Amino acid sequence: MKITVGVLFGGRSVENEISVVTAIQTMESMNREKYNVVPVYIAKTGKWYTGDALFDLSNYKDMNVLFSKAKEVFMKPVYGDFNLYLNKDGLFGCRKVAKLDVMLPTLHGTNCEDGTLQGVLAAIGIPFVGCDVLASANGMDKITMKMILQSSGVPVIDYYWFNDKNWYQGRDSVIDAMEKRLSYPVIVKPANSGSSVGIRPAHNREEFIEAVDNACSFTTRVIVEKLVEKLKEVNCSVLGNYEECEASVCEVPQRSGEILTYSDKYMNSGSKSKGMQSTKRELPAKISEDETMLIKDLAKKTFRVLACEGVARIDFMKDEEDNRVYVNEINTIPGSLSNYLWDYEGLPFPAMIDKLIDLAFARSREASFKVTDFGGNIFKSMKTGGKLSGGKFNK
């Protein structure tokens, strides 16, 4: 029997459009003899839609037309109910559109890749591809991620962080503290954004203020890092789970300036239609065998330390002045699912999707063996009329 796969994409995120590209690439690569593919698009409004119109990238040029061709749907927050329902009640109540076996999230960014949607799926109990709530949240927040990696001996660049309230209520204090910790130039980032959204370099105090004001428009937490001036960026993907994982070939994305921008990543082909495949890259990376092995080892360690699963891409910074290598960030749902890196390794996209779905089912089976109920009922020990007072039972 075919497996019914819900491909979940879009979302209330500035990376909504990039998610659409990743989803369509994924759905086009899925083996239709093995899978019934059900697209589930989350609009920027937060409404969920399904329908055949969602398979065609050209339909997204006019969202009103797209929504008129699609069906608005929802899932019930009930454990074990894996059905998609029409949002409008039918004659006899909620009408089921599809029963899903597994969900394949291809979401990027805030409210999507950060554990928010993973929490919804976990509460329903449906098997889903990729990182769980904890790994997604820690991987998305650059501050938390760096703290965890540092404590585990994974090298990260020196940084300073603060929140928007610190900035608005005590800007001078934040500037003084940052300048004591780091010297210019620095790079300012929203702590929980992706695709280089909201990121700006700063070479002096005036540029720093402008960069922080910009970052605060996207997030409540801001991270500032020492900018590596003689920078070489190297990316490596990891596939597997906490028990067993493997690293892909390394690549060097080509940037147009000091940092890899949104345009560098997605607009080099003249359109967004190819997602991360639009990025100009050196593949494989022209680095030494020793550097390649170091980066692959650090990529797998990062994957395991953050308790990741599925496929992720770890982005590295190499300072060509002293040859030191640092983990920059992890993408727990990478653009295009990093399929181009695995294709180079001899694992075509359809086979990679098979592996991801197998991992999702395996994790779900393992979770089913964990204890969630002691089998007792503490309320049976209460005397009739028992009341709570100060957090204790009065009997």
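How many bridges join strand β1 to strand β2, and do the two run parallel or antiparallel? I looked that up first: eight bridges join β1 (residues 3-10) to β2 (residues 35-42), and the strands run parallel. One example I noted is Ile3, whose bridge partner in β2 is Tyr35.

**Ground rules**

I am working on a predicted model, where local features need pLDDT of at least 70, side-chain atom pairs count only at pLDDT 80 or more, and totals for chains, interfaces and linings use all residues. Residues are numbered from 1 along each chain as its sequence is written, and side-chain values use heavy atoms, with hydrogens and water left out.

**Overview**

I count helices (H or I, at least four residues) and strands (E, at least two) as DSSP runs, numbered from the N terminus. The protein chain comes to twelve helices and 18 strands. Of its 395 residues, 52% count as buried; buried means under 20% relative accessible area, exposed over 50%, and partly exposed in between (1.4 Å probe, protein chains only). Contact means heavy atoms within 4.5 Å. Among contacts between residues at least 6 apart in sequence, 66% join residues at least 24 apart.

**Seven-stranded sheet**

I then traced the whole sheet around β1 and β2. It is open, with seven strands in the order β6-β5-β4-β3-β2-β1-β7 and mixed pairing; two strands pair if DSSP finds at least two bridges between them. β6 (96-99) and β7 (102-105) each have a single partner strand, so one side of each edge strand is left without a neighbour in the sheet. Neighbouring strands here are turned by 35 degrees against each other on average, direction ignored. Helix α12 (residues 349-368) packs on this sheet, touching β1, β2 and β7, and its direction makes about 125 degrees with that of β7. For such angles, axes are lines fitted to C-alpha atoms (for helices over the stretch in contact), and the angles run from 0 to 180 degrees between N-to-C directions.

**Four-stranded sheet**

Next I went to the open sheet with the order β8-β11-β9-β10, which has antiparallel pairing. Its edges are β8 (159-163) and β10 (200-202), each with a single partner strand, so one side of each lacks a neighbour in the sheet. The twist averages 25 degrees from one strand to the next. I found five bridges between β8 and β11 (residues 221-226), in the antiparallel sense; Trp161 has Ile223 as its bridge partner in β11. Helix α5 packs on the sheet, touching β8, β9 (186-190) and β11, at about 55 degrees to β11. Helix α7 (residues 171-181) also lies across β8, β9 and β11, running at about 165 degrees to β8.

**Rings**

Trp161 came up again when I checked charges over rings, which require NZ of Lys or CZ of Arg within 6 Å of the ring centre and within 35 degrees of the ring normal. The charged end of Arg221 sits over the Trp161 ring, 5.0 Å from its centre. Lys76 does likewise over Tyr85, at 4.5 Å from the ring centre.

Which residues of α4 (residues 133-140) are buried? I have Ala135, Ser136, Asn138, Gly139 and Met140. Their cover includes α3 (116-124), α5 (142-151) and β16 (324-331).

Thr302 is in helix α10 (residues 289-305), and its relative accessible area of 0% is why it counts as buried. Leaving aside neighbours within four places in sequence, I find Thr302 in contact with Leu149, Val154, Ile314, Val327 and Ile330.

Most residues other than glycine have a negative phi, and most peptide bonds are trans. I listed some exceptions.

- A cis peptide bond joins Tyr184 and Pro185, with omega about 5 degrees; Pro185 is in the loop between α7 and β9.
- Leu283 to Pro284 is cis too, with omega near 0 degrees; Pro284 lies in the loop between β14 (281-282) and α10.
- Asn111, in the loop between β7 and α3, has a positive phi near 70 degrees and is partly exposed at 27% relative accessibility.
- Asn323, in the loop between β15 (310-319) and β16, has a positive phi of about 65 degrees and is partly exposed at 48%.
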